[in-house]
2 protein chains.
Amino acid sequence: MSRGVTRLDRGVYALAGVTVAGAAAVGGAKEGAGPLGPRFDLTIEDDLHGTTSFEAAEASLALQAVDQSLKKSGLARDAVDAVLGGDLLNQLYSTNFSARQHQIPLYGLFSACATFTEAVGLGAMLVAAGGVERALAMAASHHMAAERQFRYPIELGYQRALTASWTATAAGAVMLRPEMGEQASDNLGADRAVEGGVRVTAVTTGRVIDFGGHDPMDMGTAMAPAAADTLERHRSATGREWGDYDQILTGDLGVVGSRILVDLVRDGDRFRDRHEDCGRMLYSPDQDVHNGGSGAGCAAAVFAVWAYPRIQSGELRRVLMVATGALFSPTSYQQGESIPAIAHAVEFECIGRGA
Amino acid sequence: MSRGVTRLDRGVYALAGVTVAGAAAVGGAKEGAGPLGPRFDLTIEDDLHGTTSFEAAEASLALQAVDQSLKKSGLARDAVDAVLGGDLLNQLYSTNFSARQHQIPLYGLFSACATFTEAVGLGAMLVAAGGVERALAMAASHHMAAERQFRYPIELGYQRALTASWTATAAGAVMLRPEMGEQASDNLGADRAVEGGVRVTAVTTGRVIDFGGHDPMDMGTAMAPAAADTLERHRSATGREWGDYDQILTGDLGVVGSRILVDLVRDGDRFRDRHEDCGRMLYSPDQDVHNGGSGAGCAAAVFAVWAYPRIQSGELRRVLMVATGALFSPTSYQQGESIPAIAHAVEFECIGRGA
């Protein structure tokens with residue numbers, strides 16, 4: 001299948017010839033104890049993961065996710081053209097320090113908890129363009145590192161609001177490659193093309209939406225309008241209806257944001273039938289996470305361990321994934337600013353298997 | 001000229017059919033008083049620029065750079081498919097808050113002071129891919145906002161080291177579009193294609209290089225090895241020699257980093273003849289900036305006001321721009337980590353005019 005990018009509308013593109021060749025996720029102890037825990041490639045028991053800081057531990061998680069996805073794709077680090085990825089830490093600490101180890105050319109990205117779909121979308125566009133042969137999209141977060149940076153030191157032991165999300169200790173990475181039958185654009189002839197699996201069929205780039213929410217303990221409310229905007233732009237440009245998807249998977253809206261989203265989108269009742277949220281899936285209700293999981297690694301990990309295998313097996317034939325990000329900083333919050341948000345969409349389809 | 005991306009080597013791509021349709025820069029009072037001052041599209045006299053914080057002022061600068069580049073390209077905000085950009089502030093404050101105003105679909109990027117060439121490179125790849133018709137690449141920084149975030153509050157009045165750079169108050173933006181004769185991939189037929197001007201011909205994605213520098217008051221030393229790595233990868237994959245360029249323009253190495261770079265690259269003497277550094281160009285020696293200018297906006301502004309007009313006029317026929325970024329954070333510094341760095345390269349050529 002020949003590769004290409006077709007503009008459907010402003011910021012909405014149909015892609016041809018791009019597949020996900022492998023996906024992996026690494027999680028913390030709490031994530032390992034959740035309903036998706038057994039599906040993680042690795043889980044760590046110690047928050048410091050053998051390092052001396054939570055930030056260094058997050059970088060180590062990010063590196064492990066990269067290496068696990070390489071292993072599952074049958075590729076070495078030096079066979080990858082680019083890593084596209086990011087995290088929540090100031091100056092992308094974990095992405096940059098993990099890239100110091102893996103030495104793969106790096107595009108650092110930031111869309112807060114929407115970084116994973118920003119990375120997959122951009123990576124898929126680059127592979128569809130025909131020059132990039134293997135792009136790895138990743139995102140990472142660490143509960144302890146994020147809490148002390150964005151909110152309060154854990155040691156303070158403050159009571160969390162019921163609308164607050166739990167930043168996941170998790171990293172996920174997926175490998176993007178041309179589909180079978182594609183001619184490599186250089187001397188990569190010996191490289192086996194991908195057979196079957198999961199195709200990236202469309203991408204929508206989010207714009208920054210701000211409905212005026214001010215509460216960093218309620219990011220679902222701040223992010224739901226951005227998800228609704230991206231969903232509507234994607235639906236309208238692709239000409240699909242909610243029923244055309246087996247699953248619509250939002251990022252980290254959680255319990256509160258998901259309810260708001262259903263009220264904001266067109267045909268909310270039909271939407272609800274197809275909708276699930278990564279933030280609601282990562283933990284079980286008895287894990288005391290209130291609104292659900294969040295963090296750049298949450299959507300990445302849930303895609304890698306839950307959605308990707310189901311699309312690959314044909315159980316889900318078409319999935320629309322819309323990770324959402326709250327773009328506030330502690331500085332903007334302290335200055336009394338509201339919380340702008342963004343959501344990037346990526347559409348995946350099952351290849352073959354009687355399609 | 002038909003569009004396309006060709007892989008020359010890992011992370012190095014030749015592009016066809018992509019032009020820079022317009023470039024603009026906005027600067028602060030000190031930048032306005034420097035040797036390039038008269039060339040800025042706008043300069044502001046007040047560091048707060050009518051806002052209540054330096055961060056909000058930076059967002060306002062970023063928005064003005066976007067709008068100025070739109071004006072010079074003859075386009076409205078809603079005619080642009082994507083903004084690719086970033087800044088130095090935690091969680092990309094100024095990029096995200098300016099995007100809340102311009103409402104153009106956004107890819108948030110972070111490579112510290114190398115963000116401008118990351119943005120131009122990625123944007124050019126997307127336009128070359130054939131789906132994105134108009135991409136705007138931008139980067140911004142603000143001296144007062146950066147100093148208090150990365151180093152010390154200005155009010156402390158500490159003595160700056162002679163190797164320290166001066167973070168520029170500046171924002172730059174460039175519009176990327178298909179070259180004349182290209183068929184638009186959608187219903188944009190009425191849109192005039194670009195005639196003549198500046199072509200983006202090649203891109204190299206940087207990898208993270210860390211030679212062990214620990215001093216945030218000497219980023220030139222930390223970044224020079226990353227510049228050397230990217231320069232060598234670009235030169236070797238494209239088969240060019242330093243003499244093939246009219247100008248090789250590094251980002252913010254300044255006086256110290258530029259000297260080190262000449263020692264690190266192959267054929268250093270020939271390299272020196274073609275080399276200039278944005279950090280050395282933005283201010284004059286009597287402006288007391290020591291090592292030179294830095295900040296994500298420095299390279300963006302120097303490209304927009306100095307290099308772009310010279311390539312457009314044919315005075316410079318081929319320019320290689322390599323912006324450099326120090327990827328440390330205050331957290332990584334406080335934890336005793338060394339300073340990883342990255343450099344992204346973009347090659348520009350003059351179109352027509354007797355070529």
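User: Is the crossing of helix 6 of chain B and helix 7 of chain B left-handed or right-handed?
Analyst: The crossing of helix 6 and helix 7 of chain B is right-handed. Keep in mind that this is a predicted model.

User: How many degrees do their axes cross at, and within what distance do they come?
Analyst: The axes of helix 6 (residues 219-238) and helix 7 (residues 254-264) of chain B cross at roughly 35 degrees and come within 8 Å.

User: Which residues meet there?
Analyst: From helix 6 of chain B there are B:Gly220, B:Thr221, B:Met223, B:Ala224, B:Pro225, B:Ala227 and B:Ala228. They meet B:Gly254, B:Val256, B:Gly257, B:Ile260, B:Leu261 and B:Leu264 of helix 7 of chain B.

User: And by class, how many are nonpolar, polar or charged?
Analyst: The contact of helix 6 with helix 7 of chain B has 9 nonpolar and 4 polar residues, and no charged ones.

User: What about helix 6 in chain A, how many of its residues are buried?
Analyst: In chain A, 17 of the 20 residues of helix 6 are buried, which leaves the helix mostly covered.

User: What should its span be, and how far apart are its ends?
Analyst: Helix 6 of chain A has 20 residues (219-238), and at 1.5 Å a residue they should span 28 Å. The end C-alpha atoms are 28 Å apart, so the two agree.

User: What follows helix 6 of chain A?
Analyst: A:Gly239 follows helix 6 of chain A, with a positive phi near 75 degrees.

User: Stepping back, how many helices and strands does chain A have?
Analyst: Chain A has 11 helices and 15 strands. Its radius of gyration is 19 Å, close to the 20 Å given by the globule rule for 355 residues, so chain A is as compact as a globular protein of that length.

User: What does the C-alpha trace of chain A span, and what share of the chain is buried?
Analyst: The C-alpha trace of chain A spans about 55 × 50 × 35 Å along its principal axes. Of the 355 residues of chain A, 65% count as buried. Among contacts in chain A between residues at least 6 apart in sequence, 77% join residues at least 24 apart.

User: Is helix 3 of chain B buried or exposed?
Analyst: Helix 3 of chain B is largely enclosed by the rest of the structure, because 9 of its 10 residues are buried. Among them are B:Tyr93, B:Phe97 and B:Arg100.

User: What covers those buried residues?
Analyst: The cover includes helix 11 (330-334) of chain A, along with helix 2 (54-73), strand 5, strand 6 and strand 7 (135-141) of chain B. Just after helix 3 of chain B, B:Gln103 takes a positive phi of about 60 degrees.

User: Last one: where does B:Leu42 lie?
Analyst: B:Leu42 lies in strand 4 (residues 42-43) of chain B. B:Leu42 is partly exposed, with 15 other C-beta atoms within 10 Å.

User: What is B:Leu42 in contact with, leaving aside neighbours within four places in sequence?
Analyst: B:Leu42 is in contact with B:Val26, B:Gln64 and B:Gln68. As for B:Gly257, B:Leu42 is 215 residues from B:Gly257 in sequence and 29 Å from B:Gly257 in space, C-alpha to C-alpha.

Conventions. Residues numbered from 1 in each chain as written. Chains lettered and ligands numbered in written order. Predicted model: local features only at pLDDT ≥ 70, side-chain atom pairs only at ≥ 80, totals over all residues. Helix = DSSP H or I, 4+ residues; strand = E, 2+ residues; numbered from the N terminus. Expected span 1.5 Å × (residues − 1). Buried ≥ 20, exposed ≤ 12 C-beta atoms within 10 Å, placed from the backbone. Axes fitted to C-alpha atoms, helices over the stretch in contact; angles between N-to-C directions. Left-handed = near helix turned anticlockwise from the far one by under 90°. Contact = placed C-beta atoms within 7 Å. Nonpolar A, V, L, I, M, F, W, Y, C, P; charged D, E, K, R; others polar. Rg over C-alpha atoms; globule rule 2.2 N^0.38 Å.
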